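Start with the sequence and the model, then read the points below.

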Amino acid sequence: MDRLVIQGGHPLRGRIRVSGAKNAALPCLAAALLTEEPLVLSNLPAVADIRTMVKVLQALGTEASLEPHPDGFELTARLACAGSDDPKAPYDLVKTMRASILVLGPLLARFGRATVSLPGGCAIGARPVNLHLEALERMGALLEISHGYIHASVKGRLKAIDHTFEKVSVGATENILMAAALAEGTTVLRNAALEPEIGDLAQLLVEMGASIEGIGTGTLTITGVPQLHGCEHAVIADRIEAGTYLCAVAAACGDVVLDRCEPEHLRSLLDLLERSGCVITERDGQDGRQLRIQREEGQKLRSKDVTTLPFPGFPTDLQAQVMAVMTQACGISVINEGIFENRFQHAMELERLGANLRTDGHTAIIAGPAALTGCTVMATDLRASAALVIAGLVAKGETIVDRIYHLDRGYSGLEKKLQGAGARIERVGGGKV
Ligand code: EPZ
(Lines give C-alpha, C1' and ligand atoms only; values in the text may rest on other atoms or scores of the structure.)
Protein backbone atom coordinates (compact mmCIF):
# COMPACT_ATOMS: atom_id res chain seq x y z
CA MET A 1 0.00 0.00 0.00
CA ASP A 2 1.43 3.39 -1.00
CA ARG A 3 2.20 6.12 1.52
CA LEU A 4 3.20 9.74 1.25
CA VAL A 5 6.34 10.84 3.01
CA ILE A 6 6.51 14.58 3.67
CA GLN A 7 9.35 16.71 5.03
CA GLY A 8 7.38 19.63 6.42
CA GLY A 9 8.15 23.18 7.44
CA HIS A 10 8.92 24.55 3.96
CA PRO A 11 6.81 27.16 2.17
CA LEU A 12 5.25 26.41 -1.23
CA ARG A 13 6.27 28.49 -4.25
CA GLY A 14 5.35 28.01 -7.89
CA ARG A 15 2.37 27.15 -10.08
CA ILE A 16 -0.18 24.37 -9.89
CA ARG A 17 -2.59 23.49 -12.67
CA VAL A 18 -6.06 22.51 -11.52
CA SER A 19 -7.60 19.38 -13.10
CA GLY A 20 -11.21 18.73 -14.08
CA ALA A 21 -13.77 18.23 -11.32
CA LYS A 22 -14.24 14.64 -10.15
CA ASN A 23 -17.73 15.44 -8.87
CA ALA A 24 -18.76 16.96 -12.20
CA ALA A 25 -17.13 14.19 -14.21
CA LEU A 26 -18.97 11.35 -12.40
CA PRO A 27 -22.55 12.44 -13.26
CA CYS A 28 -21.41 13.46 -16.77
CA LEU A 29 -20.09 9.92 -17.27
CA ALA A 30 -23.43 8.49 -16.07
CA ALA A 31 -25.16 10.65 -18.69
CA ALA A 32 -23.53 8.46 -21.38
CA LEU A 33 -26.28 5.92 -20.53
CA LEU A 34 -28.90 8.33 -21.89
CA THR A 35 -27.92 7.92 -25.54
CA GLU A 36 -26.65 5.27 -27.94
CA GLU A 37 -24.55 7.88 -29.74
CA PRO A 38 -20.89 8.49 -28.81
CA LEU A 39 -20.17 10.88 -25.97
CA VAL A 40 -16.67 12.32 -25.61
CA LEU A 41 -15.83 13.79 -22.22
CA SER A 42 -12.52 15.59 -21.73
CA ASN A 43 -10.72 17.22 -18.80
CA LEU A 44 -11.61 14.27 -16.56
CA PRO A 45 -9.20 13.99 -13.62
CA ALA A 46 -6.98 10.88 -13.76
CA VAL A 47 -8.28 9.45 -10.48
CA ALA A 48 -9.56 6.07 -9.28
CA ASP A 49 -13.24 7.13 -9.05
CA ILE A 50 -13.32 7.96 -12.76
CA ARG A 51 -11.94 4.52 -13.62
CA THR A 52 -14.51 2.91 -11.30
CA MET A 53 -17.40 4.78 -12.96
CA VAL A 54 -16.14 3.69 -16.37
CA LYS A 55 -16.12 0.06 -15.12
CA VAL A 56 -19.73 0.51 -13.92
CA LEU A 57 -20.71 1.83 -17.36
CA GLN A 58 -18.94 -1.07 -19.06
CA ALA A 59 -20.85 -3.53 -16.85
CA LEU A 60 -24.01 -1.82 -18.16
CA GLY A 61 -23.19 -2.41 -21.82
CA THR A 62 -21.12 0.69 -22.63
CA GLU A 63 -18.14 0.62 -24.98
CA ALA A 64 -15.66 2.85 -23.19
CA SER A 65 -12.05 3.93 -23.51
CA LEU A 66 -9.96 6.32 -21.42
CA GLU A 67 -7.07 8.20 -23.05
CA PRO A 68 -4.53 9.93 -20.84
CA HIS A 69 -3.37 13.46 -21.68
CA PRO A 70 0.41 13.84 -22.13
CA ASP A 71 0.97 15.24 -18.61
CA GLY A 72 -0.92 12.30 -17.11
CA PHE A 73 -3.19 14.48 -14.92
CA GLU A 74 -6.30 14.31 -17.12
CA LEU A 75 -8.20 11.79 -19.21
CA THR A 76 -10.58 11.86 -22.16
CA ALA A 77 -13.38 9.28 -22.17
CA ARG A 78 -15.01 7.98 -25.34
CA LEU A 79 -18.27 6.25 -24.54
CA ALA A 80 -21.11 4.66 -26.47
CA CYS A 81 -23.90 2.82 -24.67
CA ALA A 82 -25.77 0.34 -26.84
CA GLY A 83 -27.38 -0.98 -23.66
CA SER A 84 -27.91 -4.38 -22.14
CA ASP A 85 -30.97 -6.62 -21.68
CA ASP A 86 -30.45 -6.79 -17.96
CA PRO A 87 -28.67 -3.61 -16.79
CA LYS A 88 -27.15 -4.30 -13.39
CA ALA A 89 -24.68 -2.23 -11.35
CA PRO A 90 -23.08 -4.88 -9.13
CA TYR A 91 -22.25 -4.54 -5.44
CA ASP A 92 -18.51 -5.07 -6.00
CA LEU A 93 -18.32 -1.82 -7.95
CA VAL A 94 -20.99 0.20 -6.13
CA LYS A 95 -19.48 -0.53 -2.69
CA THR A 96 -16.23 1.16 -3.78
CA MET A 97 -17.99 4.31 -4.98
CA ARG A 98 -21.37 5.62 -3.88
CA ALA A 99 -21.73 7.85 -6.94
CA SER A 100 -22.58 4.63 -8.86
CA ILE A 101 -26.19 5.27 -7.74
CA LEU A 102 -26.22 7.99 -10.43
CA VAL A 103 -26.78 5.31 -13.08
CA LEU A 104 -30.25 4.52 -11.71
CA GLY A 105 -32.14 7.52 -13.16
CA PRO A 106 -30.56 7.32 -16.64
CA LEU A 107 -31.06 3.53 -16.90
CA LEU A 108 -34.72 3.74 -15.92
CA ALA A 109 -35.32 6.64 -18.27
CA ARG A 110 -33.73 4.95 -21.28
CA PHE A 111 -34.30 1.21 -20.77
CA GLY A 112 -37.27 1.18 -18.38
CA ARG A 113 -35.47 -1.11 -15.97
CA ALA A 114 -32.39 -1.27 -13.77
CA THR A 115 -30.85 -3.23 -10.94
CA VAL A 116 -28.44 -1.23 -8.81
CA SER A 117 -26.79 -2.29 -5.59
CA LEU A 118 -27.76 -0.19 -2.55
CA PRO A 119 -24.62 1.76 -1.66
CA GLY A 120 -24.91 1.47 2.13
CA GLY A 121 -23.23 3.83 4.61
CA CYS A 122 -19.70 5.16 4.39
CA ALA A 123 -16.94 6.62 6.53
CA ILE A 124 -18.40 10.15 6.57
CA GLY A 125 -22.00 9.25 7.41
CA ALA A 126 -25.13 7.20 6.68
CA ARG A 127 -25.74 8.79 3.26
CA PRO A 128 -29.13 7.27 2.40
CA VAL A 129 -30.62 7.44 -1.13
CA ASN A 130 -34.27 7.92 -0.12
CA LEU A 131 -34.51 11.27 -1.92
CA HIS A 132 -33.45 9.65 -5.22
CA LEU A 133 -35.93 6.79 -4.79
CA GLU A 134 -38.90 8.94 -3.69
CA ALA A 135 -38.66 11.12 -6.79
CA LEU A 136 -38.27 8.14 -9.15
CA GLU A 137 -41.31 6.47 -7.57
CA ARG A 138 -43.33 9.63 -8.15
CA MET A 139 -42.23 9.45 -11.81
CA GLY A 140 -43.86 6.04 -12.07
CA ALA A 141 -40.97 3.72 -11.22
CA LEU A 142 -41.75 0.49 -9.40
CA LEU A 143 -39.03 -0.11 -6.86
CA GLU A 144 -38.32 -3.20 -4.86
CA ILE A 145 -35.40 -3.61 -2.53
CA SER A 146 -34.25 -7.17 -2.03
CA HIS A 147 -30.95 -8.93 -1.41
CA GLY A 148 -29.19 -5.55 -1.13
CA TYR A 149 -30.29 -4.40 -4.58
CA ILE A 150 -32.75 -1.81 -5.88
CA HIS A 151 -34.81 -3.52 -8.58
CA ALA A 152 -36.46 -0.77 -10.61
CA SER A 153 -38.80 -0.82 -13.59
CA VAL A 154 -41.33 1.42 -15.29
CA LYS A 155 -44.12 0.71 -17.77
CA GLY A 156 -43.45 2.91 -20.81
CA ARG A 157 -41.63 6.18 -20.14
CA LEU A 158 -41.07 7.87 -16.79
CA LYS A 159 -43.66 10.61 -16.18
CA ALA A 160 -42.90 14.24 -15.44
CA ILE A 161 -43.42 15.49 -11.87
CA ASP A 162 -43.53 18.75 -9.98
CA HIS A 163 -41.26 17.81 -7.11
CA THR A 164 -39.80 19.64 -4.14
CA PHE A 165 -36.77 17.87 -2.66
CA GLU A 166 -37.30 17.56 1.08
CA LYS A 167 -33.60 18.27 1.60
CA VAL A 168 -30.94 19.70 -0.71
CA SER A 169 -29.06 16.79 -2.27
CA VAL A 170 -26.42 16.99 -4.97
CA GLY A 171 -26.76 13.36 -6.07
CA ALA A 172 -30.59 13.27 -5.99
CA THR A 173 -30.77 16.47 -8.07
CA GLU A 174 -28.37 14.95 -10.62
CA ASN A 175 -30.12 11.58 -10.79
CA ILE A 176 -33.60 13.06 -11.27
CA LEU A 177 -32.36 15.71 -13.69
CA MET A 178 -31.01 12.94 -15.93
CA ALA A 179 -34.19 10.87 -15.57
CA ALA A 180 -36.39 13.89 -16.38
CA ALA A 181 -34.42 14.65 -19.56
CA LEU A 182 -36.01 11.57 -21.20
CA ALA A 183 -39.32 11.54 -19.27
CA GLU A 184 -42.73 12.29 -20.74
CA GLY A 185 -43.79 15.89 -20.06
CA THR A 186 -42.31 18.84 -18.17
CA THR A 187 -40.69 18.16 -14.80
CA VAL A 188 -40.14 20.91 -12.25
CA LEU A 189 -37.51 20.21 -9.59
CA ARG A 190 -37.64 22.58 -6.63
CA ASN A 191 -35.12 22.95 -3.81
CA ALA A 192 -32.58 21.58 -6.30
CA ALA A 193 -28.93 21.71 -5.25
CA LEU A 194 -26.98 24.70 -6.63
CA GLU A 195 -23.50 23.15 -6.75
CA PRO A 196 -21.54 24.12 -9.89
CA GLU A 197 -21.19 20.42 -10.76
CA ILE A 198 -24.98 20.32 -11.34
CA GLY A 199 -24.71 23.29 -13.70
CA ASP A 200 -22.04 21.38 -15.63
CA LEU A 201 -24.20 18.26 -15.90
CA ALA A 202 -27.19 20.36 -17.02
CA GLN A 203 -25.01 22.05 -19.62
CA LEU A 204 -23.89 18.66 -20.95
CA LEU A 205 -27.51 17.46 -21.13
CA VAL A 206 -28.46 20.57 -23.11
CA GLU A 207 -25.56 19.85 -25.50
CA MET A 208 -27.05 16.34 -25.84
CA GLY A 209 -30.41 17.84 -26.86
CA ALA A 210 -32.21 18.16 -23.50
CA SER A 211 -34.49 21.08 -22.72
CA ILE A 212 -33.61 22.55 -19.29
CA GLU A 213 -34.47 25.95 -17.87
CA GLY A 214 -33.31 27.50 -14.63
CA ILE A 215 -29.75 26.14 -14.76
CA GLY A 216 -27.82 27.55 -11.81
CA THR A 217 -31.00 28.16 -9.78
CA GLY A 218 -32.90 26.10 -7.22
CA THR A 219 -35.77 25.41 -9.64
CA LEU A 220 -34.99 23.32 -12.70
CA THR A 221 -37.64 22.93 -15.41
CA ILE A 222 -36.97 20.01 -17.72
CA THR A 223 -39.10 19.17 -20.75
CA GLY A 224 -38.45 15.55 -21.60
CA VAL A 225 -37.47 14.58 -25.14
CA PRO A 226 -37.81 11.10 -26.71
CA GLN A 227 -34.07 10.76 -27.25
CA LEU A 228 -30.76 12.49 -26.69
CA HIS A 229 -27.70 12.52 -28.92
CA GLY A 230 -23.92 12.37 -28.51
CA CYS A 231 -21.60 15.37 -28.13
CA GLU A 232 -18.17 16.47 -26.91
CA HIS A 233 -17.92 18.18 -23.56
CA ALA A 234 -15.07 19.34 -21.30
CA VAL A 235 -15.88 19.20 -17.57
CA ILE A 236 -15.37 22.25 -15.32
CA ALA A 237 -12.33 22.81 -13.11
CA ASP A 238 -12.27 21.10 -9.72
CA ARG A 239 -13.11 23.73 -7.10
CA ILE A 240 -12.29 21.33 -4.26
CA GLU A 241 -8.87 20.47 -5.67
CA ALA A 242 -8.16 24.20 -6.14
CA GLY A 243 -9.41 24.90 -2.62
CA THR A 244 -7.16 22.17 -1.22
CA TYR A 245 -4.04 23.83 -2.71
CA LEU A 246 -5.19 27.24 -1.45
CA CYS A 247 -5.48 25.75 2.03
CA ALA A 248 -2.03 24.17 1.69
CA VAL A 249 -0.46 27.59 1.04
CA ALA A 250 -2.53 29.28 3.74
CA ALA A 251 -1.27 26.72 6.27
CA ALA A 252 2.33 26.15 5.12
CA CYS A 253 2.99 29.70 3.78
CA GLY A 254 4.34 30.66 0.36
CA ASP A 255 3.22 32.15 -2.94
CA VAL A 256 1.43 29.94 -5.49
CA VAL A 257 -0.51 30.61 -8.69
CA LEU A 258 -3.30 28.18 -9.53
CA ASP A 259 -3.94 27.88 -13.25
CA ARG A 260 -7.27 27.02 -14.81
CA CYS A 261 -9.63 27.52 -11.90
CA GLU A 262 -13.00 29.18 -11.46
CA PRO A 263 -12.93 31.68 -8.56
CA GLU A 264 -16.74 32.12 -8.74
CA HIS A 265 -17.07 28.52 -7.52
CA LEU A 266 -14.81 29.19 -4.53
CA ARG A 267 -16.16 32.45 -3.08
CA SER A 268 -16.85 31.12 0.42
CA LEU A 269 -13.29 29.79 0.78
CA LEU A 270 -11.62 32.83 -0.82
CA ASP A 271 -13.56 35.09 1.52
CA LEU A 272 -12.54 33.03 4.56
CA LEU A 273 -8.85 32.91 3.62
CA GLU A 274 -8.77 36.67 2.93
CA ARG A 275 -10.42 37.41 6.26
CA SER A 276 -7.81 35.14 7.86
CA GLY A 277 -5.02 37.28 6.43
CA CYS A 278 -3.97 35.61 3.16
CA VAL A 279 -3.54 37.78 0.08
CA ILE A 280 -5.53 36.47 -2.88
CA THR A 281 -5.54 37.90 -6.39
CA GLU A 282 -7.54 36.81 -9.43
CA ARG A 283 -6.78 37.36 -13.09
CA ASP A 284 -7.27 35.91 -16.55
CA GLY A 285 -4.65 33.37 -17.59
CA GLN A 286 -3.94 31.80 -20.99
CA ASP A 287 -5.98 28.80 -20.04
CA GLY A 288 -8.89 30.18 -17.97
CA ARG A 289 -8.88 32.15 -14.69
CA GLN A 290 -5.93 32.18 -12.31
CA LEU A 291 -5.80 32.56 -8.56
CA ARG A 292 -2.68 33.63 -6.67
CA ILE A 293 -2.40 33.11 -2.93
CA GLN A 294 0.33 34.61 -0.74
CA ARG A 295 1.11 34.19 2.90
CA GLU A 296 4.66 35.06 3.78
CA GLU A 297 6.50 33.25 6.56
CA GLY A 298 5.95 34.96 9.89
CA GLN A 299 2.70 36.54 8.67
CA LYS A 300 0.04 35.68 11.26
CA LEU A 301 -3.24 34.00 10.35
CA ARG A 302 -6.44 35.01 12.15
CA SER A 303 -8.77 32.23 13.35
CA LYS A 304 -12.25 32.18 11.78
CA ASP A 305 -15.41 30.16 12.36
CA VAL A 306 -16.81 27.96 9.59
CA THR A 307 -20.16 26.21 9.06
CA THR A 308 -20.48 23.86 6.11
CA LEU A 309 -23.64 24.26 4.03
CA PRO A 310 -24.93 23.45 0.55
CA PHE A 311 -23.51 25.73 -2.20
CA PRO A 312 -23.00 28.71 -2.17
CA GLY A 313 -22.25 28.04 1.52
CA PHE A 314 -18.91 26.70 2.68
CA PRO A 315 -18.36 23.22 1.14
CA THR A 316 -18.20 20.18 3.39
CA ASP A 317 -15.55 18.86 0.98
CA LEU A 318 -13.17 21.60 2.22
CA GLN A 319 -13.98 21.31 5.92
CA ALA A 320 -11.08 18.98 6.75
CA GLN A 321 -8.55 21.07 4.83
CA VAL A 322 -9.71 24.27 6.55
CA MET A 323 -9.39 22.56 9.91
CA ALA A 324 -5.72 21.94 9.08
CA VAL A 325 -5.38 25.66 8.24
CA MET A 326 -7.04 26.76 11.48
CA THR A 327 -4.50 24.78 13.53
CA GLN A 328 -2.07 27.52 12.37
CA ALA A 329 -4.34 30.52 13.05
CA CYS A 330 -4.13 32.71 16.16
CA GLY A 331 -7.12 32.22 18.45
CA ILE A 332 -10.09 29.89 18.66
CA SER A 333 -11.87 28.63 15.58
CA VAL A 334 -15.23 26.81 15.71
CA ILE A 335 -16.07 24.51 12.79
CA ASN A 336 -19.63 23.20 12.42
CA GLU A 337 -20.19 20.32 9.99
CA GLY A 338 -23.69 20.95 8.63
CA ILE A 339 -23.91 18.24 5.95
CA PHE A 340 -22.53 14.90 7.17
CA GLU A 341 -22.77 13.36 10.65
CA ASN A 342 -19.35 11.75 10.86
CA ARG A 343 -16.88 13.93 9.03
CA PHE A 344 -14.33 14.73 11.75
CA GLN A 345 -12.18 11.61 11.58
CA HIS A 346 -9.18 13.71 10.54
CA ALA A 347 -9.40 15.58 13.87
CA MET A 348 -7.81 12.76 15.90
CA GLU A 349 -5.00 12.40 13.36
CA LEU A 350 -4.41 16.17 13.36
CA GLU A 351 -4.14 15.92 17.14
CA ARG A 352 -1.40 13.30 16.74
CA LEU A 353 0.50 15.86 14.69
CA GLY A 354 0.18 18.32 17.58
CA ALA A 355 -3.06 20.21 16.80
CA ASN A 356 -4.90 21.57 19.80
CA LEU A 357 -8.54 20.70 19.20
CA ARG A 358 -11.69 19.09 20.54
CA THR A 359 -14.77 17.74 18.79
CA ASP A 360 -18.29 17.43 20.17
CA GLY A 361 -20.92 16.05 17.80
CA HIS A 362 -21.01 18.26 14.72
CA THR A 363 -18.67 20.87 16.21
CA ALA A 364 -14.90 21.11 16.34
CA ILE A 365 -13.04 23.72 18.36
CA ILE A 366 -9.48 24.46 17.35
CA ALA A 367 -7.02 26.58 19.33
CA GLY A 368 -4.03 27.89 17.42
CA PRO A 369 -1.41 28.34 16.41
CA ALA A 370 -0.05 24.89 17.28
CA ALA A 371 3.52 23.78 16.61
CA LEU A 372 2.94 20.64 14.55
CA THR A 373 5.56 17.88 14.51
CA GLY A 374 5.72 15.02 12.02
CA CYS A 375 4.55 11.48 12.74
CA THR A 376 2.71 8.64 10.98
CA VAL A 377 -0.97 9.34 10.40
CA MET A 378 -3.74 7.36 8.76
CA ALA A 379 -6.06 8.67 6.07
CA THR A 380 -9.71 7.74 6.65
CA ASP A 381 -11.46 9.31 3.64
CA LEU A 382 -10.66 11.43 0.63
CA ARG A 383 -10.76 14.94 2.08
CA ALA A 384 -9.42 13.82 5.47
CA SER A 385 -6.35 12.57 3.58
CA ALA A 386 -5.90 15.99 2.00
CA ALA A 387 -6.07 17.63 5.44
CA LEU A 388 -3.32 15.33 6.71
CA VAL A 389 -1.11 16.18 3.74
CA ILE A 390 -1.61 19.90 4.47
CA ALA A 391 -0.74 19.38 8.13
CA GLY A 392 2.29 17.32 7.04
CA LEU A 393 3.51 20.23 4.90
CA VAL A 394 3.39 22.41 8.03
CA ALA A 395 4.79 19.93 10.58
CA LYS A 396 8.47 20.02 11.45
CA GLY A 397 10.25 16.82 10.42
CA GLU A 398 8.84 13.79 8.66
CA THR A 399 5.15 12.95 8.33
CA ILE A 400 4.00 9.69 6.78
CA VAL A 401 0.43 9.63 5.49
CA ASP A 402 -0.75 6.04 5.30
CA ARG A 403 -3.70 4.57 3.34
CA ILE A 404 -3.51 7.11 0.56
CA TYR A 405 -5.72 5.02 -1.69
CA HIS A 406 -8.42 7.35 -0.33
CA LEU A 407 -6.51 10.31 -1.77
CA ASP A 408 -6.05 8.57 -5.12
CA ARG A 409 -9.84 8.38 -5.49
CA GLY A 410 -10.11 12.11 -6.01
CA TYR A 411 -6.79 13.95 -6.45
CA SER A 412 -4.94 13.69 -9.74
CA GLY A 413 -1.15 13.65 -9.19
CA LEU A 414 -1.34 15.45 -5.83
CA GLU A 415 2.25 14.78 -4.82
CA LYS A 416 3.58 15.69 -8.29
CA LYS A 417 1.64 18.95 -8.33
CA LEU A 418 2.89 19.82 -4.82
CA GLN A 419 6.47 18.87 -5.79
CA GLY A 420 6.12 21.37 -8.67
CA ALA A 421 5.48 24.03 -6.02
CA GLY A 422 8.60 23.03 -4.07
CA ALA A 423 7.03 20.67 -1.52
CA ARG A 424 9.21 17.85 -0.21
CA ILE A 425 6.74 15.06 -0.66
CA GLU A 426 7.22 11.61 -2.09
CA ARG A 427 5.09 8.56 -2.77
CA VAL A 428 6.63 5.38 -1.42
CA GLY A 429 5.43 1.81 -1.93
CA GLY A 430 4.10 0.13 1.24
CA GLY A 431 7.05 -2.19 1.64
CA LYS A 432 9.67 0.55 1.53
CA VAL A 433 8.80 2.74 4.53
C1 EPZ B 1 -21.97 14.81 -3.21
O2 EPZ B 1 -22.35 13.64 -2.51
C3 EPZ B 1 -20.48 14.71 -3.42
N4 EPZ B 1 -20.19 13.52 -4.21
C5 EPZ B 1 -19.76 14.68 -2.08
O6 EPZ B 1 -18.37 14.69 -2.35
C7 EPZ B 1 -20.13 15.93 -1.29
O8 EPZ B 1 -19.55 15.85 0.00
C9 EPZ B 1 -21.66 16.04 -1.16
O10 EPZ B 1 -22.27 16.00 -2.47
C11 EPZ B 1 -22.11 17.31 -0.47
O12 EPZ B 1 -21.64 18.43 -1.16
C13 EPZ B 1 -20.29 13.57 -5.54
O14 EPZ B 1 -20.65 14.58 -6.13
C15 EPZ B 1 -19.93 12.35 -6.29
P16 EPZ B 1 -25.80 14.80 -0.99
P17 EPZ B 1 -23.89 13.24 -2.39
O18 EPZ B 1 -26.83 13.90 -1.57
O19 EPZ B 1 -24.57 13.59 -3.65
C20 EPZ B 1 -28.38 13.53 2.82
C21 EPZ B 1 -16.08 14.13 -1.93
O22 EPZ B 1 -15.27 14.14 -0.98
N23 EPZ B 1 -29.19 12.71 1.90
O24 EPZ B 1 -25.80 16.22 -1.40
O25 EPZ B 1 -23.93 11.83 -1.92
C26 EPZ B 1 -26.95 13.02 2.97
O27 EPZ B 1 -26.87 11.96 3.91
C28 EPZ B 1 -17.52 13.79 -1.68
O29 EPZ B 1 -15.77 14.36 -3.11
C30 EPZ B 1 -30.32 12.10 2.35
O31 EPZ B 1 -30.71 12.21 3.50
O32 EPZ B 1 -24.33 14.19 -1.23
C33 EPZ B 1 -26.24 14.26 3.40
O34 EPZ B 1 -26.40 14.47 4.77
C35 EPZ B 1 -17.84 12.98 -0.54
N36 EPZ B 1 -31.03 11.33 1.46
C37 EPZ B 1 -26.96 15.37 2.63
O38 EPZ B 1 -28.23 14.83 2.27
C39 EPZ B 1 -30.65 11.18 0.16
O40 EPZ B 1 -31.34 10.48 -0.58
C41 EPZ B 1 -26.27 15.85 1.37
O42 EPZ B 1 -25.89 14.73 0.59
C43 EPZ B 1 -29.50 11.83 -0.30
C44 EPZ B 1 -28.78 12.59 0.59
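A backbone N or O atom of Gly171 sits 2.8 Å from an oxygen atom of the ligand. The model is predicted. Taken alone, the ligand exposes 830 Å², and the protein buries 87% of that.

**Ligand contacts**

- Ser169 places a polar side-chain atom 2.6 Å from an oxygen atom of the ligand.
- Asn130 uses its side chain: an N or O atom there is 2.7 Å from a nitrogen atom of the ligand.
- Gly171, by contrast, contributes a backbone N or O atom, 2.8 Å from a ligand oxygen.

**The shell around the ligand**

- How many residues surround the ligand? The count is 23.
- The closest are Asn130, Ser169, Asp317, Ile339 and Arg383.
- By type, the shell holds eleven nonpolar, six polar and six charged residues.
- Why does the ligand lie between domain 1 and domain 2? Domain 1 (3–18 + 237–427) and domain 2 (22–234) both give residues to the shell, so the ligand lies between them.

**Overall build**

- The protein has 14 helices and 24 strands.
- Its C-alpha trace spans about 65 × 45 × 45 Å along the principal axes.
- For 433 residues, a compact globule would have a radius of gyration near 22 Å. The protein has 22 Å, which agrees with that expectation.
- Buried residues make up 57% of the 433 residues.

**Helix α10**

- Is helix α10 (residues 319–326) enclosed or open? Eight of its eight residues are buried, so the helix is largely enclosed by the rest of the structure.
- The buried residues of α10 are Gln319, Ala320, Gln321, Val322, Met323, Ala324, Val325 and Met326.
- Pro312 is in the loop between β18 (306–307) and α10.

**Cis peptide bonds**

- Most peptide bonds are trans.
- The bond from Phe311 to Pro312 is cis, with omega near 10°.
- Gly368 and Pro369 are also joined by a cis peptide bond, and omega there is about 0°.
- Where does Pro369 lie? Pro369 is in the loop between β21 (363–368) and β22 (376–378).

**Positive phi**

- Most residues other than glycine have a negative phi.
- Asn43 is not a glycine, yet has a positive phi of about 60°.
- Asn43 is placed in strand β3 (residues 39–45).
- Is Asn43 buried or exposed? Its relative accessibility is 12%, and buried means under 20%, so Asn43 counts as buried.
- Asn191 also has a positive phi of about 60° and is not a glycine.
- Asn191 sits in the loop between β11 (186–190) and α7 (196–207).
- With a relative accessible area of 32%, Asn191 is partly exposed.

Definitions and conventions
Residues are numbered from 1 along each chain as its sequence is written. This is a predicted model: local features need pLDDT of at least 70, side-chain atom pairs count only at pLDDT 80 or more; totals for chains, interfaces and linings use all residues. Side-chain values use heavy atoms; hydrogens and water are left out. A residue is near a molecule or strand if one of its heavy atoms lies within 4 Å of it. A polar contact is a pair of N or O atoms within 3.5 Å; within protein, one must be able to donate a hydrogen and the other to accept it, and residues adjacent in sequence count only if both atoms are side-chain atoms. Accessible areas come from the Shrake-Rupley method with a 1.4 Å probe; for residues, only the protein chains shown count as cover. Ala, Val, Leu, Ile, Met, Phe, Trp, Tyr, Cys and Pro count as nonpolar, Asp, Glu, Lys and Arg as charged, and the others, Gly among them, as polar. Domain bounds come from an automatic or database domain assignment. Buried means under 20% relative accessible area, exposed over 50%, partly exposed in between (1.4 Å probe, protein chains only). Helices (H or I, at least four residues) and strands (E, at least two) are DSSP runs, numbered from the N terminus. The radius of gyration is taken over C-alpha atoms; the globule rule is 2.2 Å times the number of residues to the power 0.38.
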